[in-house]
Amino acid sequence: MRLLDDQTLERSAVVANRTMNRERGLTGSNGYGRALGLDVLDVLRSRSPARPVVRWLDLCCGTARALIEASHELGDEAEIVGVDLVDFFAGPSRPPRLRLITASITSWEPDEPFDLITCVHGLHYVGDKLGVLSRIPTWLAGDGLFVGDFDMRCIRLEDGSPAGRRLSAVLRSSGFAYDSRRRRITCRSGGGGDLPYRYLGSDDGAGPNYTGQPAVDSYYVFLD
């Protein structure tokens, strides 16, 4: 099998043509609330009184429709940042406290911590998924929360076998919680850090995952 590095993967048709998060809004049957199992506005409004302005980061934000909605709802109470590999953001005008960035989440770094970080289906198309997961919790404020979709079965070892229970145990020890039924991963601030896996590359020919859309398998060596 020919494994792709992240730069090559990001030019793949599977990644470039992804549609999972393109037009998703905050609410409704295809909204962020249903996808993540939480009300984004409620989470942001319940921030600590010590932080007068709440900050939300959405990774792989698509057109950023949900972020634009939230920014209009929250106004000056929130600073919202969206990051996506493709510059295909909605709307010619944007609220002043909304920042949309075209970048790869495998290399992008924020300059301030966030109260909420989300990633709706975006990790399915990332090469070094564990590398991204190890960094996200370090971007959280003291009482911050990360919630994202994550398919454990797309993490493979060098021989092609699933990373399985050992990976589950490693993630738990690093402060992550994983809901295998909903394929949802969460973490509070203080978690994360380097995970004992070395990234080998990715396979964009893995075929559909549980969403029914073609996804990317990521290959690693476990570091004993």
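**Note on cores, buried loop residues and cavities**

1. The cover over the buried residues of helix α5 includes α3 (32–36), α4 (40–45), β1, β2 and β3 (98–102). The buried residues of α5 itself (residues 65–74) are Ala 66, Leu 67, Ile 68, Ala 70, Ser 71 and Leu 74, where buried means under 20% relative accessible area, exposed over 50% and partly exposed in between, with a 1.4 Å probe and protein chains only. Helices (H or I, at least four residues) and strands (E, at least two) are DSSP runs numbered from the N terminus. Gly 75 follows α5 and has a positive phi, near 60 degrees.

2. This is a predicted model, in which local features need pLDDT of at least 70 and side-chain atom pairs count only at pLDDT 80 or more, while totals for chains, interfaces and linings use all residues. Residues are numbered from 1 along each chain as its sequence is written, and side-chain values use heavy atoms, with hydrogens and water left out.

3. The largest nonpolar core has 35 residues, and those with the most contacts inside it are Leu 59 and Phe 146; such a core is a set of buried Ala, Val, Leu, Ile, Met, Phe, Trp, Tyr and Cys residues joined through side-chain atoms within 4.5 Å. Two or more residues of this core come from each of β1, β2 (78–84), β4 (114–119), α6 (129–135), β5 (140–149), α7 (164–173) and β8 (184–188). A second, separate core holds 26 residues, among them Ala 35, Val 40, Leu 67 and Leu 74.

4. Leaving aside neighbours within four places in sequence, Leu 59 is in contact (heavy atoms within 4.5 Å) with Val 83, Ile 105, Trp 108, Ile 117, Thr 118, Cys 119, Val 120, Ile 136 and Trp 139.

5. Arg 55 belongs to strand β1 (residues 54–59) and, at 5% relative accessibility, counts as buried. The side chain of Arg 55 reaches the backbone oxygen of Pro 113 at 2.9 Å. Beyond its neighbours within four places in sequence, Arg 55 has contacts that include Glu 79, Asp 111, Glu 112 and Asp 115, as well as Leu 44, Val 81 and Phe 114.

6. Most residues other than glycine have a negative phi. Cys 60, in the loop between β1 and α5, has a positive phi near 60 degrees and is buried, with a relative accessible area of 8%. His 121, in the loop between β4 and α6, has a positive phi of about 65 degrees although it is not a glycine, and at 11% relative accessibility His 121 counts as buried.

7. Leu 157, in strand β6 (residues 155–157), counts as partly exposed at 23% relative accessibility. Not counting residues up to four places away in sequence, Leu 157 touches Pro 162, Ala 163, Tyr 197, Tyr 219 and Tyr 220. The C-alpha atoms of Leu 157 and Arg 198 are separated by 9.9 Å, the two residues being 41 residues apart along the chain.

8. There are 2 cavities of 30 Å³ or more, a cavity being a set of points on a 1 Å grid over the protein atoms alone where a 1.4 Å probe fits but cannot get out, with lining residues having an atom within 4 Å of a point. The largest cavity has a volume of about 130 Å³, a volume being the space filled by probe spheres set on the points, which are joined across faces, edges and corners. The largest cavity is lined by 16 residues, of which Glu 10, Leu 85, Ser 104, Ile 105 and Val 126 lie nearest its centre.

How values were computed:
On a 1 Å grid over the protein atoms alone, a cavity is a set of points where a 1.4 Å probe fits but cannot get out, and a pocket is an open set with protein on both sides within 12 Å along at least five of seven lines; lining residues have an atom within 4 Å of a point. A polar contact is a pair of N or O atoms within 3.5 Å; within protein, one must be able to donate a hydrogen and the other to accept it, and residues adjacent in sequence count only if both atoms are side-chain atoms.
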